[in-house]
Amino acid sequence: MGHAPANGKRSPPPPPLGRCHFWLPNKRRHCANSPLPSSQYCGNHLPESAPGAGRRVPCPVDPSHTVLEENLEAHVGKCPLKKQVAALTAQPYYSKGINSGTPEAGCGVTSAEKRAAVYRLTEEEFRLLLGKIRSVHAAVAAPIRESNLITAACDKWMSGQVDRKMPYQERHVAQQASIVGNMEAFGLLQKASHEVVDGENAAVSAQAVVEFGAGRGYLTQVLVDCYGIRNVFLVERRSYKLKADRSLRQNEDVTLERLRIDIEDLKLHGIEALRGLQYLAIGKHLCGPATDMTMMCCLPERYDQTEENGKRSLQGLALATCCHHLCQWKHYTNKSFLSGLGITEEDFHAMTWFSSWAVDGDHSYPDAPVEVEDTPSEVREA
């Protein structure tokens, strides 16, 4: 385990013997490669300041990894993700940046940049900003109602009577059960019934569920097990192990489609299997702007997008937000509301950083080289 230095932030543990010293914050471990003979790092993570190291640049196919600038042209032709990207862009539901927000709002601002902007404020400017935030909050904020609802429909999950091959963590199950419990309280769900009418479950209020930022998909698994929803669409840009997909596919009554795509680029009406279905949109741990992108994706007519071919019937949204320090003015869906209250783009960035001021923007350790979930549920009826 890492120790806690004087600044209160934990340092990474020492790397295993014979391993690259590069710390992978998302995986919470060091790089598994062997270091170069003359360095503590492997060739992929050799710092630019090291003797003989070349300049590394982001891969244009997938910016999450870098390559030596001198090898860039050759790498692009053989990048393993090239075929994957080509296959995605050919899908009818792919539209680059369709849910990214207003172009004129500029580029994204990192948490570190937000912090730096706050630190540049003079004492007078800082006090004026706090005064503005307090004044606006007093004028428009409504009391936040805590609603932790666990319905009888979720007894199976709450008691742990599920496939033991599935990861089971009581904290996450309680969060999932409360999200669907609030959905039931809003009339978006009804407990599954065995009565069948015209081939459909008589008590199911929606024919499909689309889970945004689905991760392993266990929130959807709860809906399938407890409420009998049979058409499942999981939207997630990352690849995960131990997914609920295996259990869902074993259920002969369930149709599952997993879409590996960024919510920012998802054109919902391009999903052929979803056309004409009544559906619910859900999400747990929708970090930062992912919540705004989800609303733009599900309600394009409200955000100046043109709806095309095919009838879609959104029954409601249930979104659990997190990581508010990652929110972006560019993506925020109700800028006119904040602007009307005198909140500027700079104020917004400061406010979002204040909400999670103790969290580093990249969730990494500050002293290590960096590689390029407490969720209040928010339920909205469509």
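Visitor: How many salt bridges does a search of the whole structure find?
Guide: Side chains of opposite charge can pair when their charged atoms come close. One of the pairs in this predicted model joins Glu 272 to Arg 275, where Glu 272 is exposed at 56% relative accessible area and Arg 275 is partly exposed at 31%. Over the whole structure, the number of salt bridges found is six.

Visitor: What separates Glu 123 and Arg 127 in helix α4?
Guide: Glu 123 forms a salt bridge with Arg 127, and their closest N and O atoms are 3.2 Å apart. Glu 123 is exposed, with 56% relative accessibility, and Arg 127 is exposed as well, with 58%. Because the two residues stand four apart in helix α4, which covers residues 123-140, what separates them is about one helical turn.

Visitor: Which residue forms a salt bridge with Arg 237?
Guide: Arg 237 counts as exposed because its relative accessibility is 55%, the cut-off for exposed being over 50%. The closest N and O atoms of the salt bridge are 3.0 Å apart, and the residue paired with Arg 237 is Asp 262. This pair links distant parts of the chain, 25 residues apart, with Arg 237 in the loop between β8 and α8, and, in the loop between β9 and β10, Asp 262.

Visitor: Is Lys 267 buried or exposed?
Guide: Lys 267 sits in the loop between β9 (255-259) and β10 (278-287), and a polar atom of its side chain lies 3.5 Å from the backbone oxygen of Pro 92. Since buried means under 20% relative accessible area, the 18% of Lys 267 makes this residue buried.

Visitor: What is the phi of Cys 323?
Guide: Most residues other than glycine have a negative phi. Cys 323, in the loop between β11 (313-322) and α10 (335-340), is buried at 18% relative accessible area. Although Cys 323 is not a glycine, its phi is positive, at about 50 degrees.

Visitor: What is the phi of Arg 28?
Guide: Arg 28 lies in the loop between β1 (23-24) and β2 (29-30) and counts as exposed, with 70% relative accessibility. Its phi is positive in a residue other than glycine, with a value near 55 degrees.

Visitor: How many of the residues of helix α9 are buried?
Guide: Helix α9 spans residues 290-298 and is mostly covered. Its buried residues include Asp 292, Met 293 and Cys 298. The count of buried residues in α9 is nine of nine.

How values were computed:
Residues numbered from 1 in each chain as written. Predicted model: local features only at pLDDT ≥ 70, side-chain atom pairs only at ≥ 80, totals over all residues. Heavy atoms only, no water. Buried < 20%, exposed > 50% of the residue type's maximum accessible area, 1.4 Å probe, protein only. Polar contact = N/O pair within 3.5 Å; in protein donor to acceptor, adjacent residues only side chain to side chain. Salt bridge = Lys/Arg side-chain N within 4 Å of Asp/Glu carboxyl O.
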